[in-house]
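Please look through the report below with the sequence and the model side by side.

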Amino acid sequence: MSTMLAASPAVPLAIHRSHRLIPPFTLHRPRSAAEAMGLLARYGDAAAPLAGGIDFINRLKSGAGPAHVVALDGVAELQGVTLGERRIELGAMTTHRGVQADEAVASRLPVLADYVAGLGNVRIRAQGTLGGNVMAGEPCYEILPILMALDATLHFVAGADAAPRAVAARRLADMPAAPRLLCRIAVPLRPVTILWDRSLRPMVTMVAAFARHEGHFIEMGAALGAANLGPAWIPCPALPIAPAEARRQAVSLARGWVGGWSRAVPSPRTASESWHLRAAAALLARAITRASAES
């Protein structure tokens, strides 16, 4: 005897509320940086570039989104790593994991590989891109501070005529907020010690650079940032200085150093300004001590 079972009625797949909030948009897939910039310029505020998509998709799910999305994954000139005689060039669409795994970065710029290995989680490193991290403008994101410390140069395609423009990472805040597309990042290969401390993130982050010549520090600078504030590059005024002397004066040097930070950024909204200054000075004093010992 056989028994026939009635088929269960079809149940439509549930659609998460956040997906239903995504507004309709037109997806563009340019094949060159010039074409991508042309689309961004043509549609203005109604268009946005799509890199790794982590932040972008979250914004779409909140109901905010452009009418035109310019996907950059098909633009070959924005991809990959190129080793030159005096610098390494990183395509803005290169993922964090791509940087970490690149042989040229590992051999000539290992500090960058080590740094990106500590970003976020596996998904973020596999999907997130250098350019997306920089251009998202999120104060707690961490690629711009390391680029500042490395004295990197950011190359943009800007304007309807796709004319290239270069700006130092340390001066990015000075660039006009116009339609722009980050194409590549040039990092000089130079003898410099890079130290960072992310133990207090996102409240305070610090990436410092130390360069020496003839037994003295001739450069000390740090990218300091706080919650709700983008990083600011602050040079140390007490130069040149011998490492032994810098180590003895680490605390006072750091306190004077962060005085420039308080003038470069507005007061943090998540804690008192004095707390941020004390915390930043403590991180910098540790960095000065470490850099002096390594000398």
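## Helix H2 and its buried face

In helix H2, the residues Ala 33, Ala 36, Met 37, Leu 39 and Leu 40 are buried, where buried means under 20% relative accessible area, exposed means over 50%, and partly exposed covers what lies in between, with a 1.4 Å probe and protein chains only. Seen down the axis of H2, these buried residues fall within an arc of 155°, so they line one face of the helix; the arc is that of the directions from the helix axis to the C-beta atoms. Helices (H or I, at least four residues) and strands (E, at least two) are DSSP runs, numbered from the N terminus. Just after H2, Gly 44 takes a positive phi of about 55°.

This is a predicted model, in which local features need pLDDT of at least 70 and side-chain atom pairs count only at pLDDT 80 or more, while totals for chains, interfaces and linings use all residues. Residues are numbered from 1 along each chain as its sequence is written, and side-chain values use heavy atoms, with hydrogens and water left out.

## A sheet of three strands

An open sheet of three strands has the order E1-E3-E2, and its pairing is parallel; two strands pair if DSSP finds at least two bridges between them. Strand E1 (26–28) and E2 stand at the edges with a single partner strand each, so one side of each is left without a neighbour in the sheet. From one strand to the next, the twist averages 25°. E1 and E3 pair in the parallel sense over three bridges, and the bridge partner of Leu 27 in E3 is Val 69.

Helix H2 (residues 33–43) lies across E1, E2 and E3 and runs at about 150° to E2. For such values, axes are lines fitted to C-alpha atoms, for helices over the stretch in contact, and angles run from 0 to 180 degrees between N-to-C directions.

## Helix H3

The buried residues of helix H3 (residues 54–61) are Ile 54, Phe 56 and Leu 60. Seen down the axis of H3, they fall within an arc of 165°, so they line one face of the helix. What do the buried residues of H3 pack against? They pack against strand E2 (47–50), strand E3 (68–71) and helix H7 (122–127), with contact meaning heavy atoms within 4.5 Å. Just after H3, Gly 63 takes a positive phi of about 100°.

## Nonpolar cores

In soluble globular proteins, nonpolar side chains tend to be buried together. A nonpolar core is a set of buried Ala, Val, Leu, Ile, Met, Phe, Trp, Tyr and Cys residues joined through side-chain atoms within 4.5 Å. Of the 35 residues in the largest nonpolar core, Leu 112, Leu 147, Leu 154 and Ile 185 touch the most other members. Helix H9 gives the most to this core, with six residues. A second, separate core of 31 residues includes Val 204, Ala 246, Leu 253 and Leu 284.

## Aromatic pairs

A search of the whole structure finds three aromatic pairs; rings of Phe, Tyr and Trp (its six-membered ring) pair if their centres lie within 6.5 Å, and planes under 30 degrees apart count as stacked, over 60 as edge-to-face and the rest as tilted. The rings of Tyr 115 and Trp 196 have their centres 5.0 Å apart and their planes at 90°, so the pair is edge-to-face. Tyr 115 lies in helix H6 and Trp 196 in strand E9, so the pair ties together parts that are 81 residues apart in sequence. Tyr 115 counts as buried at 1% relative accessibility, whereas Trp 196 is partly exposed, with a relative accessible area of 24%.

Phe 210 and Phe 217 form a tilted aromatic pair, at 5.6 Å centre to centre and with 50° between the planes, and both residues are buried. Together with Trp 257, Phe 210 and Phe 217 form one aromatic cluster.

## Backbone details in the loops

The peptide bond from Arg 201 to Pro 202 is cis, with omega near 0°, and Pro 202 is found in the loop between strand E9 (193–197) and strand E10 (204–213). Glu 214 has a positive phi of about 50° although it is not a glycine, and at 70% relative accessibility Glu 214 counts as exposed.
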